[in-house]
Amino acid sequence: MRYLIISDIHANLVALEAVLADAPDFTEIWCLGDLVGYGPNPNECIERIQEHLHVCLAGNHDWAVLGKLDLRNFNTDARNANTWTRSELTSESRMYLSKLPTHMEHEGFYLAHASPREPVWEYILDASIAYTNFSHFSTLVCLVGHTHVAIAFELDEQRQRCETIISPLSTPLELGPNRMIINPGSVGQPRDGDPRASYALLDAENMTWEFHRVAYPIEITQERMRARGLPRRLIERLEMGR
Ligand code: ZN
């Protein structure tokens, strides 16, 4: 079985469409949360993902839009975008988001939006933070989103340390025997310096993982954000991938 692994779409429908068009055959989508917030097309992204067989987690922005998180925990731009999203969301979209879990075990993999230790909030930014999270799940591999950075961390149990794995794009990364925490990066608002939409393919039979990037017409998303009065800094950062 091949799975399309995506995260942090953030209502960027143009980026999501580019990923769906670019991804080779897959049987199911695994979405690691933050469907909404920041971008201009929250309802459309929620509808689009439901056209596929999929599982999906709730992220902090999804929770905030439902009122499950205090917006004071967000910076001004994120708060303003989230307030706009709240006013846009249809009752069907609300219903969909309200049913999403923040973490789950699925097909032998552990999935969490942010981290296995704190599924909604913790940022796994480096190997030392990743290391402390391995005791919070029991599967071989854990998949997370939230940082908007495509990255993999591998546990070296003997030396009691964790290392960052650099895997070239579109090149299969072997999973196992060492345990790993892997982030597919962000579809709708990458922050690793590459503005192209990020996604990954997981081959659960051959136990391989591939990171992928696909260019999309960023200016269309930016134009839609301008038309909706979304914060300028959020519009500009899309083309920088920061
Ligand atoms: Zn996010």
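**Charged pairs and a buried aspartate**

Reader: Is aspartate 77 buried or exposed?
Author: The model is predicted, with pLDDT of at least 70 needed for local features and 80 or more for side-chain atom pairs, while totals for chains, interfaces and linings use all residues. Residues count from 1 along each chain as its sequence is written, and side-chain values use heavy atoms, without hydrogens or water. Buried means under 20% relative accessible area, exposed over 50%, partly exposed in between (1.4 Å probe, protein chains only). Aspartate 77 has a relative accessible area of 18%, so it is buried.

Reader: Which residue does aspartate 77 meet in a salt bridge?
Author: A salt bridge here is a side-chain nitrogen of Lys or Arg within 4 Å of a carboxyl oxygen of Asp or Glu. For aspartate 77 the N to O distance is 2.8 Å, and the partner is arginine 233.

Reader: How many residues apart are aspartate 77 and arginine 233?
Author: Helices are DSSP runs of H or I, at least four residues; strands are runs of E, at least two; both are numbered from the N terminus. Aspartate 77 sits in helix H4 (residues 76-88) and arginine 233 in helix H8 (residues 232-240). The pair links distant parts of the chain, and the separation is 156 residues.

Reader: Why does the pair of arginine 48 and glutamate 17 tie together parts of the chain?
Author: Their side chains meet in a salt bridge at 2.8 Å, N to O. Arginine 48 lies in helix H2 (residues 42-49) and glutamate 17 in helix H1, so the pair bridges a sequence separation of 31 residues.

Reader: What is the relative accessibility of arginine 48, and of glutamate 17?
Author: Arginine 48 counts as buried, because its value is 19%. Glutamate 17 counts as partly exposed, at 29%.

Reader: How many salt bridges are there in the whole structure?
Author: One of them joins arginine 159 and aspartate 156 at 3.6 Å, N to O. Arginine 159 counts as exposed, with 54% relative accessibility. Shared partners also join Asp192, Asp194, Arg196 and Arg213 into one network. A search of the whole structure gives 12.

Reader: Where does aspartate 8 lie, and which side chain does its own side chain touch in a polar contact?
Author: Aspartate 8 is in the loop between strand S1 (2-6) and helix H1 (13-22). It counts as buried, because its relative accessibility is 0%. A polar contact is a pair of N or O atoms within 3.5 Å; within protein, one must be able to donate a hydrogen and the other to accept it, and residues adjacent in sequence count only if both atoms are side-chain atoms. At 2.7 Å, the side-chain partner of aspartate 8 is serine 7.
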